[in-house]
Amino acid sequence: MTTVAHVHDSTDNPFALSHLDSLESEAVHIFREVAGEFERPVILFSGGKDSIVMLHLALKAFAPAAIPFTLLHVDTGHNFPEVLEYRDRVVAQHGLRLHVASVQEYIDAGKLRERPDGTRNPLQTVPLTEAIQQHRFDAVFGGGRRDEEKARAKERVFSLRDEFSQWDPRRQRPELWQLYNGRHAAGEHVRVFPLSNWTELDVWQYIQREKIELPEIYFAHEREVFARSGMWLTAGDWGGPKDTESVETRLIRYRTVGDMSCTGAVDSDATTLDAVIAEIAASRLTERGATRADDKMSEAAMEDRKREGYF
Amino acid sequence: MSTSTEQLSEQLAATTLLRFATAGSVDDGKSTLVGRLLHDSKSVLVDQLEAVEHASRSRGQEAPDLALLTDGLRAEREQGITIDVAYRYFATPRRRFILADTPGHVQYTRNMVTGASTAELAVVLVDARNGVVEQTRRHAAVAALLRVPHVVLAVNKMDLVEYREPVFAAIAEEFTTYASELGVPEITAIPISALAGDNVVEPSANMDWYGGPTVLEHLETVPVSHDLTACHARFPVQYVIRPQTAEHPDYRGYAGQIAAGAFRVGEQITVLPSGKTSTITGIDALGESVDIAWAPQSVTIRLADDIDISRGDLLAPSGDAPATTQDIEATVCHVADRALAVGQRVLLKHTTRTVKAIVKEIPSRLTLDDLSQHPNPGQLVANDIGRVVVRTAEPLALDAYADSRRTGSFLLIDPADGTTLAAGMAGESFATAKAVSVVEDEEGWDF
């Protein structure tokens with residue numbers, strides 16, 4: 001016996017949504033669920049492409065009304081000036097309220113100590129979790145995607161955090177249908193990831209379709225960089241280069257945007273969205289593998305940071 | 001235009017999204033199949049492979065262990081097992097895929113229920129040497145219970161049975177008969193060798209007697225949306241949008257994701273549970289005004305009358321509105337470590353509405369292995385599937401799960417700490433029919 005498949009062409013059905021429409025509809029549903037069920041939600045907004053797409057989706061979800069959330073940025077003190085400028089411009093443009101938690105202030109106050117390697121990314125966890133407690137945020141949107149990293153692949157769309165913001169991957173709620181369970185006790189909060197099911201390429205295709213403006217550093221430009229651990233880091237006051245490292249001017253762009261001390265640039269001549277998308281589609285390296293120093297620290301670096309409260 | 005640019009623009013053209021789940025125990029070769037789908041669709045990138053090779057070497061393994069691609073947690077890698085559902089993403093020029101990768105042997109049922117709840121297709125793996133075993137029947141039963149529209153039976157390890165057609169045909173026949181009886185609407189059986197690559201992505205040269213598609217070809221072509229005319233239109237209200245600005249002083253829109261069917265401007269709708277009626281005057285599809293919208297689009301609906309509607313209400317066409325009820329009979333899969341007992345007070349989350357409820361009865365518990373029924377178990381524990389009768393504090397507009405996966409499903413939640421206790425499917429299922437026949441057999445005095 002041979003069972004014959006019923007073969008249909010997916011384009012036959014006029015009611016089939018495109019993959020971008022499906023992902024958009026799902027993300028909007030998630031934003032509205034949070035608006036309907038939580039008292040004090042906040043969107044983590046760094047000025048990076050994922051948080052920019054999140055903000056765009058939130059604006060669409062509640063139009064023509066304003067989005068019912070405030071924004072929170074954890075500023076490491078080593079952020080790219082172009083990105084901070086973009087952040088402030090977008091906040092003003094949409095009349096949003098932005099909270100800033102500053103790693104530099106924590107270091108200046110003696111509450112955090114600079115690491116010997118100069119990387120500030122792991123230092124974000126304390127200001128982030130304290131800001132959540134201080135403002136009593138009960139839902140915190142993050143732009144994390146499951147395709148980024150194998151610990152993130154285990155993350156729920158609604159992910160409960162205890163009063164210390166800790167993630168326990170072995171005690172997660174099963175996520176059934178589209179019925180997100182956001183119940184939490186006072187002091188606990190829920191991390192919400194509307195872009196869970198998006199890939200890097202989906203994000204770029206959506207940016208192109210929706211004509212979303214991005215900070216310039218996502219496109220190829222000449223910049224003074226130096227090599228460290230196989231990546232091009234931007235030279236600057238934050239602590240690079242060391243005496244043994246030399247600066248050169250290269251044509252580069254950024255695939256991710258984070259702290260200058262751990263976000264690497266890639267050699268690229270992609271100056272347009274089309275060129276960026278072609279470059280990513282052809283790339284044989286993952287986004288974080290190509291550009292993130294902190295993920296290379298150990299096999300479980302992301303999981304360990306997430307357990308402590310990092311995104 | 002160079003060939004690679006042409007390929008790229010083809011790949012980036014409008015594609016659809018298929019969500020599917022895999023089911024199979026460790027020895028059936030599920031990791032190998034998932035690894036091959038990811039690898040052969042070029043979704044495994046160099047740095048990921050290098051990380052796997054490095055980790056495999058440091059564990060003293062000679063060949064790269066592809067399971068390390070998917071086991072993301074420290075504990076999973078240490079123990080060499082998959083603890084929880086993970087979601088993977090890959091794409092071909094024809095379609096994008098979200099794969100719910102469900103572990104085969106730990107806390108089995110709730111994981112597969114989780115993966116299957118959003119899946120439009122389930123791949124059930126069978127070892128060709130062993131044929132349909134208890135585990136296979138369990139996979140088929142969960143797929144049937146969750147009403148996954150398409151089931152693929154992948155008869156794996158055909159290389160170990162000399163690629164013989166009769167071996168495949170016997171397994172396919174037995175599985176198809178069993179799954180059809182459970183109500184699985186469409187079954188496609190494919191003979192494969194995940195290890196050798198037969199019929200996974202490339203057609204097999206070893207099985208010229210097989211005329212059907214490869215696994216990937218089937219995944220690429222299976223229809224992803226259903227006949228809208230056969231669906232009852234349902235719109236759970238998520239959020240009321242009222243800007244109250246100078247530009248939009250009177251705008252009042254009901255935001256939500258269409259759960260089933262389609263809605264049109266001009267249509268008369270009924271609001272449940274209040275029963276009030278109105279007419280749709282506008283549909284805003286995320287910035288675009290449209291005349292018709294369908295599931296699963298997220299939209300905002302505007303009505304002719306200013307009636308009291310809030311989160312948790314359901315809009316349905318006036319001629320096709322569901323009845324409301326406070327007494328719900330359902331099949332549930334228990335997903336928590338603590339038990340669910342008769343008399344317990346719970347919260348019930350249905351679409352956008354959460355209400356208080358009490359478990360009135362647990363008429364039966366199902367044994368998935370042989371589909372036998374145990375009457376009045378008193379409680380359900382982790383991974384149990386059973387029938388429950390729940391009384392809610394407020395009326396709900398529930399459909400049968402058989403009619404709508406979205407408006408027929410619900411969660412039972414522990415009000416004390418928010419733990420998700422059970423996944424519920426309203427109305428009849430094969431778990432009901434069997435219970436009735438058992439009771440009839442036992443009584444027997446009627447004749």
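Here are some questions and answers about side-chain contacts in this predicted model.

Local features need pLDDT of at least 70 and side-chain atom pairs count only at pLDDT 80 or more, while totals for chains, interfaces and linings use all residues. Residues are numbered from 1 along each chain as written, chains are lettered from A and ligands numbered from 1 in the order written, and side-chain values use heavy atoms, without hydrogens and water.

Q: How many aromatic pairs are there over all chains?
A: Rings of Phe, Tyr and Trp (its six-membered ring) pair if their centres lie within 6.5 Å; planes under 30 degrees apart are stacked, over 60 edge-to-face and the rest tilted. Searching the whole structure gives 19.

Q: Is the pair of B:Phe168 and B:Trp209 stacked, edge-to-face or tilted, and what is the angle of the planes?
A: The ring centres lie 5.7 Å apart. The planes are at 40 degrees, so the pair is tilted.

Q: How many residues apart in sequence are the parts that B:Phe168 and B:Trp209 tie together?
A: Helices (H or I, at least four residues) and strands (E, at least two) are DSSP runs, numbered from the N terminus. B:Phe168 lies in helix 8 (residues 165-181) of chain B, and B:Trp209 in the loop between strand 6 (186-191) and helix 9 (215-221) of chain B. The pair therefore ties together parts whose separation in sequence is 41 residues.

Q: Is B:Phe168 buried or exposed?
A: Buried means under 20% relative accessible area, exposed over 50%, and partly exposed in between (1.4 Å probe, protein chains only). With a relative accessible area of 0%, B:Phe168 is buried.

Q: How many residues apart are B:Asp306 and B:Arg252?
A: Their side chains meet in a salt bridge (3.6 Å, N to O). B:Asp306 is exposed at 68% relative accessibility, whereas B:Arg252 is partly exposed at 25%. The pair links distant parts of the chain, 54 residues apart.

Q: How many salt bridges are counted over all chains?
A: One network links A:Asp21, A:Glu24, A:Lys60, A:Arg209 and A:Glu210. Over all chains, the count is 43.

Technical notes. A salt bridge is a side-chain nitrogen of Lys or Arg within 4 Å of a carboxyl oxygen of Asp or Glu.
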